[in-house]
Structure formats: structure tokens, C-alpha cells
Protein chains: 2
Amino acid sequence: MTEPRYRAADLIEYTAALFATAGCDGDKPAVIAAGLVEADLLGHSTHGLQLAPTYLKELAAGTMTPTGEPDVVADRGAVLTWDGKKLPGVWLAAKAVELAADRAVKFGTGTIAIRRGHHIGCLAAFLQRATDRGLMVLVACSDPAFASVAPFGGKKAVFTPNPIAVGIPTAGDPILIDISASITTNGMSNRLRREGKRFPGPWALDAEGRPTDDPAAALTTGTLLPAGGLDHGHKGYGLALMIEALTQGLSGFGRSCAPVGLGAGVFVQAFDPEAFGGRADFIRETEWLANACRACPPAEGVESVRLPGERGLARKRRALAEGLQLYPGILETLEPFAAKFGVAMVKPC
Amino acid sequence: MTEPRYRAADLIEYTAALFATAGCDGDKPAVIAAGLVEADLLGHSTHGLQLAPTYLKELAAGTMTPTGEPDVVADRGAVLTWDGKKLPGVWLAAKAVELAADRAVKFGTGTIAIRRGHHIGCLAAFLQRATDRGLMVLVACSDPAFASVAPFGGKKAVFTPNPIAVGIPTAGDPILIDISASITTNGMSNRLRREGKRFPGPWALDAEGRPTDDPAAALTTGTLLPAGGLDHGHKGYGLALMIEALTQGLSGFGRSCAPVGLGAGVFVQAFDPEAFGGRADFIRETEWLANACRACPPAEGVESVRLPGERGLARKRRALAEGLQLYPGILETLEPFAAKFGVAMVKPC
């Protein structure tokens with residue numbers, strides 16, 4: 001059966017109505033809905049609308065704060081620190097990217113550390129808010145209340161998967177990198193477990209610290225391996241530590257506080273190339289790089305070399321023109337909320 | 001045969017004398033010598049004194065600039081851009097870390113992009129210049145004149161290994177991360193090739209894009225694989241692109257300029273935790289993290305979980321107390337320079 005197609009604008013309107021009815025104020029419903037649908041448009045289907053039921057449940061439970069602004073812990077111009085007070089993370093991160101971009105234009109870089117945000121969803125979905133302005137941007141996060149990834153060589157989880165995303169403007173489409181410091185994510189592990197599938201390789205350790213391809217083991221008593229895996233997992237371990245320090249260290253709130261419930265420490269940084277060697281030279285270099293990668297002859301068994309974000313942006317363009325096909329089952333999980341809130345179900349286009 | 005031990009101070013004095021005689025002015029000989037010996041102290045033996053003959057040859061050939069200061073391309077306070085004019089990279093990077101740290105104390109972050117530096121050696125060797133002041137620091141570099149790493153899925157080299165190092169202060173020893181975006185480095189590949197050894201896994205592709213463990217193939221017609229390798233090399237590919245943009249894009253000089261000869265684009269960034277959530281909270285978090293990693297029960301076949309830099313710092317302490325054993329053959333390669341310059345050979349302690 002082919003999945004039906006939906007207009008992105010209709011999905012955003014529908015999702016925004018759900019979050020508005022759930023109590024979110026101001027532009028939060030629209031920004032959250034746009035962020036989640038953007039993830040689906042780019043093909044990050046584990047971090048798009050699939051997250052909406054979780055967020056709506058958190059709002060109902062009072063563990064996500066529906067209204068208000070983050071508290072400014074410190075503002076030194078080029079750097080800011082926010083207390084996110086468990087406000088919707090997708091909204092906080094989108095606002096932080098916009099503000100970091102403003103500060104980058106003024107100071108060269110703009111850096112924002114956020115403590116106690118709520119879950120921020122798909123990091124790649126925020127990048128074009130900066131790259132569309134000609135700025136390079138980094139977004140990273142961790143959740144100090146959870147751990148599923150062990151330090152390299154260990155068998156007890158200390159870290160979350162700790163994603164980092166990077167948006168790099170070029171003369172054409174931006175490069176949109178979104179990688180985690182672990183081989184795979186909790187979202188993907190959960191999906192594979194639900195579908196009775198295995199990892200394609202030994203991406204996890206069981207409780208005894210033995211390699212396994214079983215997502216169930218990884219999600220219960222085992223751990224996910226850092227990027228590089230059994231062979232060179234010290235690389236992912238290093239990245240995980242860097243991201244913990246950027247997100248929890250700089251924001252001043254993390255695992256040592258033993259927080260509970262879904263949340264996020266967030267690090268956002270924008271760079272204005274004009275304040276460094278100049279925008280024209282930056283773009284000349286990144287465009288050269290993008291072309292060199294696209295022109296790279298493929299290795300054995302590979303069709304063509306792609307840039308990070310290339311497939312996602314192509315998918316987004318097609319979905320905006322022809323309608324978006326969601327990953328099977330996602331929309332059904334929103335139906336109970338729509339029914340309860342009296343929001344009309346979104347219709348295929 | 002046991003390698004002889006040398007006092008670190010003697011090695012630094014000896015190496016500084018060589019660089020002074022080779023024409024380096026001001027504090028360059030002392031800073032270069034300290035940087036190279038620091039790498040050996042930390043155990044990064046492919047990026048310590050092993051590099052000195054190369055640097056001395058570059059000075060003799062006029063392809064490393066012995067005297068003067070970098071040109072300031074732009075200075076916006078929180079961010080600076082230097083033209084390194086092929087000045088010694090170890091000296092440039094050390095100076096940049098100091099200045100980035102000064103600016104971080106003033107603005108919260110201090111960021112320096114350097115174009116046309118010379119080779120900067122071991123990135124980990126610079127980190128304690130910032131962490132000793134309670135600052136977090138990142139150092140990354142690339143060499144736009146060379147390429148040995150292919151984009152994930154490709155078989156033609158586009159990137160250098162592109163290392164990134166991160167120094168994170170804790171209540172005790174700092175965490176010192178030094179990883180490359182490729183599985184292994186050119187330095188290690190060269191050493192293994194020289195010694196007739198293989199990689200421990202398929203860390204490279206041959207000219208046809210087929211996996212290989214042969215460092216010779218990797219260094220001639222093949223390519224080194226990005227971190228994550230055949231299984232999830234899109235992670236190393238993403239890091240490589242990020243580092244190219246930070247080092248060549250921001251500095252405004254890179255591969256599109258088709259430079260020749262050893263050189264480096266460099267990115268240095270320092271963070272003052274005091275300008276974010278506060279130094280005490282930062283240290284509380286990083287110390288918790290360090291303790292959690294050290295206390296992590298080891299996986300099957302692992303003796304204990306270590307923090308990045310832990311073994312290096314222990315090695316350094318021992319070497320400072322008992323004398324430093326260099327990797328075999330390194331000191332011999334400096335003898336011709338000592339003889340030519342009339343510098344007395346360093347003596348074991």
C-alpha cells in the first residue's frame with residue numbers, strides 16, 4: 001500500500017492546532033509544527049511528527065512547559081546562557097538559532113548554551129534558519145536525564161547519543177550535516193526493535209559488554225557503541241565528551257544534578273564568515289568543496305557520492321511540490337489527540 | 001634494547017637551538033621546541049620531534065617562514081583572522097590559543113581562523129595552554145595542499161585527515177581529546193608502511209575503491225576512510241566537511257586556491273565557562289563526567305575505561321620525573337642538522 005501524500009502546509013497547520021489546543025502560547029505551536037514537519041521533509045522520520053505524541057503527552061503531564069520565555073542566565077553579547085525551564089525544545093532551539101545568528105552578525109560568532117530545555121527533535125531542521133542568512137551554524141544537544149551510550153571500552157551507559165548538526169552555506173544548497181556521537185540513535189533502535197529488526201552490524205554491547213546487533217539488548221540492559229564502534233570508538237567517545245561539555249558544562253546544568261524526565265542541554269553557535277576572511281572567500285571555498293565531493297568517483301558498490309543534506313533537500317523539494325509521504329503509522333498516533341482536542345484530522349492532498 | 005631517557009628540558013633546549021640556528025626569531029625556537037616535545041611527552045610520537053627534520057628542511061628550502069608575525073586580516077574582538085604567511089605552525093597555533101583564551105575571558109568566546117599557516121604538529125600539545133586557565137578549547141586544522149581522505153562512498157581523496165582537539169577543564173586533570181575525521185592519519189600510515197605493517201582493519205580503500213588494510217595502497221593510489229569506516233563513514237565525512245569549513249572557509253583560503261607545499265588552515269576557539277553558566281557549575285559537570293567514565297565497568301576484553309588524555313598525562317608525569325623515551329630512530333634523524341649547525345647533541349639523563 002502506498003502511503004498517502006499530504007501538503008506540508010496542511011500538516012503544519014494540523015500539528016500547530018494540536019499544540020495550540022494543548023496550551024502552547026504565542027508562536028510556539030507554529031514553530032514546533034514547522035520544526036517537526038521540516039524533519040519529515042528532510043527525511044529524518046524518527047525525529048519529525050513521530051515525536052509529536054510524546055510532546056503532547058509531556059504537555060498533558062505538566063513535564064513540558066507550555067507558555068513563557070526562557071530565563072536569561074547570562075548575556076555577554078557574543079555569548080548567552082538560557083534556562084529553558086522545560087519549554088518546548090523545538091521552539092527553544094529555533095529561537096536560539098535565530099538569536100545566535102543575530103549575535104554572529106554583530107560579533108562574528110554568536111553562542112547560546114541552554115540548560116533545562118525540553119527535547120529538541122531533529123537538529124538538521126534548524127540549520128537553514130542560519131544558512132539562509134549566509135551564516136555557518138552548529139547545533140548540539142544531550143539529555144542529562146538519560147544515558148544509552150557507554151564510554152569506549154565500557155559497558156555502562158554514561159551519555160545520550162549526543163547529536164551535532166552543522167549547516168554550511170555554499171553558492172547553492174547548504175551542506176546539512178546531522179550526526180550523533182554514537183553509531184545509531186535511540187529513535188532508530190526503538191524503531192528497529194518495534195519492527196523486529198537487527199542492526200546491520202555490531203552497533204551495541206549487551207549487559208556483559210559483548211558486541212551485539214540486537215536493538216532490544218541495547219535499549220534495555222546493554223549500551224549503544226560510540227561512533228567508530230569496536231574498531232575506533234575512541235572517536236565517538238571524544239565527540240560525546242565534547243558535546244556533554246558544550247551542552248551541560250557551559251549551560252551549567254547536567255548529569256551531576258540528577259535531573260529526571262525528557263529534557264535537553266543545548267549548544268548553538270553561528271559564525272558570520274564576513275567577520276572572518278569574508279563571505280565571498282568562504283563561499284568560494286565551500287562551493288569548491290561541494291563540487292569536489294559531488295564529482296568524486298564512487299567506490300565499489302556505490303552509485304554516487306552525495307553531500308550531507310543533498311538527499312534530504314531533494315526529498316524536501318519533491319515533497320513540497322508533490323506532497324509529503326510520512327513514515328507509516330505516524331499520523332495514526334496523532335488521531336487520539338485530534339479527537340480529544342476536537343481538531344479536524346489533516347486530509348491527504 | 002631499551003631506548004635511552006632524556007630530560008624534557010634538555011630535549012627542548014636542543015631542539016630550540018636547532019630552530020634558532022635555522023633562522024627562527026624571537027620566541028619561535030622555544031615555542032616550537034616545547035610544542036614538539038610536549039607531543040612526545042603525551043605519547044603522540046608521530047607528531048612530536050619526528051616532525052622536526054621536516055620543519056628544518058622546510059626552513060632550509062624557504063617554504064617555512066622563519067621570522068615575523070602573522071598579518072591580521074580582520075579583528076572583530078571576539079573573532080580574529082590571521083594570514084600565517086607560512087610561519088611555523090606550532091608557534092602560530094600556540095600563540096593563537098593564548099590569544100583566543102585572552103579574548104574568551106573578555107567576550108565569553110575567542111575564535112581565531114588562520115590561513116596559510118605551516119604544519120601545526122600535534123593538536124593535543126596546545127590544549128593545556130587554555131585548560132590551565134580554566135577555559136575549554138577547540139583546535140582543528142586541515143592542509144588545503146594535500147588530500148588523502150575520500151568523501152564517504154568515494155574513491156578520490158578530497159580531504160586531509162582533519163584533526164580536531166578539545167581540552168576540557170575538570171577539577172583534576174583536563175580531558176584532552178585529539179581525534180581526526182579519518183580512521184587513521186598520514187603519519188601513522190607512513191610509519192606502518194615503513195615498518196612493513198598493515199592496518200588492524202579495512203581502514204583504507206585502494207585505487208579501485210575496494211577496502212584494504214594496506215597503508216602503502218592508502219598512501220599512493222588509494223584513500224584513507226573517514227571515521228566510521230565502511231560501516232558508518234558518513235560521520236567522519238560530516239566532521240571532515242565541518243573542519244574544512246572552519247579552517248579554510250572561515251580563514252578564506254583553501255583548496256580552491258590550489259596551494260602547494262605543507263601548510264595549514266587552522267581554527268582555534270576558547271570558551272570561558274564563567275561567561276556562560278559559571279565556572280563552578282561547569283567544573284561540577286565535567287568532574288562528574290570524568291568520574292563516571294573512570295568508574296565505568298569495562299567491556300569484555302578491556303582492562304579499564306580511560307578518559308582521553310589520561311594515559312598521555314600519566315606518561316608525561318612519568319617522563320618529566322624519570323626522563324622521556326623517544327620512539328626509536330627519531331633522535332638519529334636530527335643528528336645531521338645538529339652536525340651541520342654545530343649544535344651539541346642532546347645527552348641522555
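**Before you start.** The model is predicted, so local features need pLDDT of at least 70 and side-chain atom pairs count only at pLDDT 80 or more, while totals for chains, interfaces and linings use all residues. Residues are numbered from 1 along each chain as its sequence is written, chains are lettered from A and ligands numbered from 1 in the order in which they are written, and side-chain values use heavy atoms, with hydrogens and water left out.

**Stop 1: both chains.** Colour chain A and chain B separately.

**Stop 2: where the chains meet.** How many residues of chain A are in contact with chain B? Select them and you will have 87, touching 88 residues of chain B; contact means heavy atoms within 4.5 Å. The copies meet through the same surface, because 100% of the interface residues of chain A are also interface residues in chain B.

About 6700 Å² is buried between the chains, and carbon and sulfur atoms give 68% of that area (buried area is the accessible area, with a 1.4 Å probe, that two parts lose on being put together, summed over both). Show Lys235(A), Leu250(A) and Phe276(A) next: in chain A they lose the most area to chain B, together 10% of what that side buries.

Then highlight helix α9 (residues 234-249) of chain A, which gives twelve residues, the largest share of the side that touches chain B. Helices (H or I, at least four residues) and strands (E, at least two) are DSSP runs, numbered from the N terminus.

Stop 3: Select Phe271(A) and Phe267(B), an edge-to-face aromatic pair with 5.9 Å centre to centre and 65° between the planes. Rings of Phe, Tyr and Trp (its six-membered ring) pair if their centres lie within 6.5 Å; planes under 30 degrees apart count as stacked, over 60 as edge-to-face and the rest as tilted. Phe271(A) sits in strand β11 (residues 264-271) of chain A, and Phe267(B) in strand β11 (residues 264-271) of chain B.

**Stop 4: a charged pair.** Finish with Asp213(A) and Arg198(A), whose closest N and O atoms are 2.9 Å apart in a salt bridge (a side-chain nitrogen of Lys or Arg within 4 Å of a carboxyl oxygen of Asp or Glu). Between chain A and chain B, the salt bridge count is zero.
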